[in-house]
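Me: I'm new to this and want to get how the parts of a structure touch. Can you take me through it?

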Amino acid sequence: MQSTVEGRVWKFGDNIDTDIICPGSYMHLPAKDILPFAFKAVRPGFYSAVQEGDVIVAGKNFGIGSSRECAAAVLKEMGIGACVVDSVGRIFFRNCIALGIPVIVHKNISKHFNEGDHIKIDLETGKVTNTSMGIELEVSPLPQSLIQIVRSGGLRPLIRKILEKY
Amino acid sequence: MGQTIVEKILSSKFTEDKEVYAGEYVTARVDLARLHENFARVFKILIEEGLSEKAEDIFWDVEKIVVGLDHYSPPNNEKVAEEQKLVRKLIERFRINNFYDINEGVLHQIVLENCHVLPGMLVVGTDSHTTTYGAYNAASTGIGYTEMAYVLLTGELFFRVPETIKFEITGKPQEFITSKDLILYIAGKYSTEVAQYKSIEFKGDGIKNMTISSRITMSNMSVELGAKFGIFEADDKLLNHLRSITDRKFEPVYPDPDAEYEKEYLVEYGDVVPFVAKPHTIDNSVPVTEVSGIHIDQAVIGSCTNGRLEDLELASKILKGNKVKKGVRLLVVPASKRVYAEAMRRGIINIFTNAGATVLNPCCGPCFGGHVGVLSSGEVCISATNRNFKGRMGSDKAEVYLASPLTVVASAVKGEITDPREFLR
């Protein structure tokens with residue numbers, strides 16, 4: 001993965017929990033089969049509108065609730081390039097990193113973006129740009145160790161590499 | 001600069017020789033990894049990433065891995081039975097000694113009874129209630145399956161050092177008030193966001209008098225307040241408890257006097273009355289008097305939250321000489337084989353069965369709605385477990401109220417939500 005993520009912004013509000021991202025009744029399914037149900041309660045059909053590399057910008061408490069890994073897996077499946085949020089659920093954040101989705105957390109960052117804006121994120125420097133509006137924001141970048149995991153495509157490629165030894 | 005307990009533990013496990021503070025990230029060495037039936041799911045990730053059929057000696061340290069079958073014991077359908085069969089095969093193949101089969105009970109309880117966790121340890125588990133071990137002065141928390149696969153291979157994982165908040169508990173509880181009432185009171189007063197992504201340290205003279213069992217309930221429920229860790233200091237009571245069950249060496253961790261806390265909350269234990277969390281969130285909690293009289297169909301005592309001897313013994317005090325109301329199902333699930341045996345020896349199990357309760361084998365029980373004691377639509381349950389989310393214990397048209405074992409059993413006798421203090425003699 002490149003050190004920059006660029007794409008179209010999909011804007012969400014506060015408290016989008018993992019039950020909204022991946023409803024409990026579908027959590028046992030493989031990620032590709034969960035797609036039609038992801039965000040169904042707030043934005044039905046979301047998956048069909050998303051393009052590879054698009055970015056979710058959301059308010060407070062994105063991904064709070066149950067620890068289900070499928071919430072992060074379904075975002076990866078639809079090709080979400082990054083999440084930029086005011087605050088985030090703990091285990092959801094971990095799962096995103098583990099699956100190779102960068103999550104930028106910065107207080108009130110969501111107010112600088114509207115749906116459909118074009119966003120550019122430099123993971124290494126922490127520069128987040130709303131290229132549609134010409135707004136540049138400096139946020140603290142993820143630590144190098146996490147950037148490495150994200151750029152490797154998550155923990156799975158690292159796991160694969162270790163298993164090659166056996 | 002002073003450090004909180006979690007800052008100290010994560011500094012000592014950091015792969016680099018450096019002290020770390022809230023907000024920093026570390027790659028840390030894990031002391032213990034615990035898995036239940038979902039070991040099979042983690043194994044699937046390893047297979048998908050190329051694990052060969054013959055590879056055996058692949059885990060970082062099998063002595064630091066604990067596995068137990070507790071969610072579906074014994075299995076309730078063929079799919080689960082196949083999954084458990086696979087787990088047993090994996091235990092053999094990877095030579096994992098610390099394995100607890102379906103007869104043993106809830107793994108969280110077993111991990112504590114057998115001292116797999118000791119003060120100062122960093123523990124991860126594929127189960128959100130892994131925070132439970134904070135009662136043993138350890139930093140302990142839940143992680144995802146992919147992360148666990150990585151931990152099993154490397155023994156390491158990244159952590160963000162969380163901010164710490166302090167709950168200072170002062171004073172003595174009134175009679176028939178338990179730590180479950182205290183934690184539900186805290187949830188109601190400060191909401192389930194109060195500890196989001198933070199570490200909690202519980203302190204104060206109200207803690208000093210609290211039994212280890214009651215502290216375990218607090219650490220267990222910390223995750224319901226959003227916490228990553230819920231840690232107690234290693235006081236004499238804990239040290240004596242640990243020394244009575246293990247001779248392994250350990251290093252208790254105390255916060256520095258000048259440690260920085262993000263926020264401090266003062267809670268007067270004496271103010272706490274029996275509390276009940278109404279459907280469908282934990283912070284929807286109110287004094288029992290506000291909901292008393294609500295008809296119930298089922299009552300549950302058990303789980304990693306309230307299935308210990310202390311819980312059963314307290315509940316049996318109310319039940320002795322009383323009967324479970326006709327039409328109400330009281331399910332009692334001892335948290336472990338050891339709890340079950342001791343409750344039997346003390347005559348507690350007899351009190352339950354004579355009163356009309358159904359005593360189940362030690363396991364996670366009805367708590368998560370996937371094994372036994374599942375609720376049908378329109379039913380109401382009062383439960384001494386940990387979550388009352390919609391659909392948690394079965395039908396999403398059922399309602400779950402959370403309470404202490406005393407409130408649960410008092411309600412089972414009356415057939416409606418009841419203040420246990422009515423049974424004070």
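Me: What makes residues of chain B count as in contact with chain A?
Reply: Two residues are in contact if their C-beta atoms, placed from the backbone, lie within 7 Å. By that rule, 24 residues of chain B touch 22 residues of chain A. This is a predicted model, where local features need pLDDT of at least 70 and side-chain atom pairs count only at pLDDT 80 or more, while totals for chains, interfaces and linings use all residues. Residues are numbered from 1 along each chain as its sequence is written, and chains are lettered from A, with ligands numbered from 1, in the order in which they are written.

Me: Which elements give two or more residues to that side of chain B?
Reply: Strand 1 (25–29), helix 2 (39–48) and helix 5 (145–154) of chain B do. Helices (H or I, at least four residues) and strands (E, at least two) are DSSP runs, numbered from the N terminus. Helix 5 of chain B gives the most, six residues.

Me: How do you know where the domains of chain B are?
Reply: The bounds come from an automatic or database domain assignment, which gives domain 1 (1–272) and domain 2 (277–423) of chain B. Their centres, taken over C-alpha atoms, are 25 Å apart. Their contact takes 32 residues from domain 1 of chain B and 32 residues from domain 2 of chain B.
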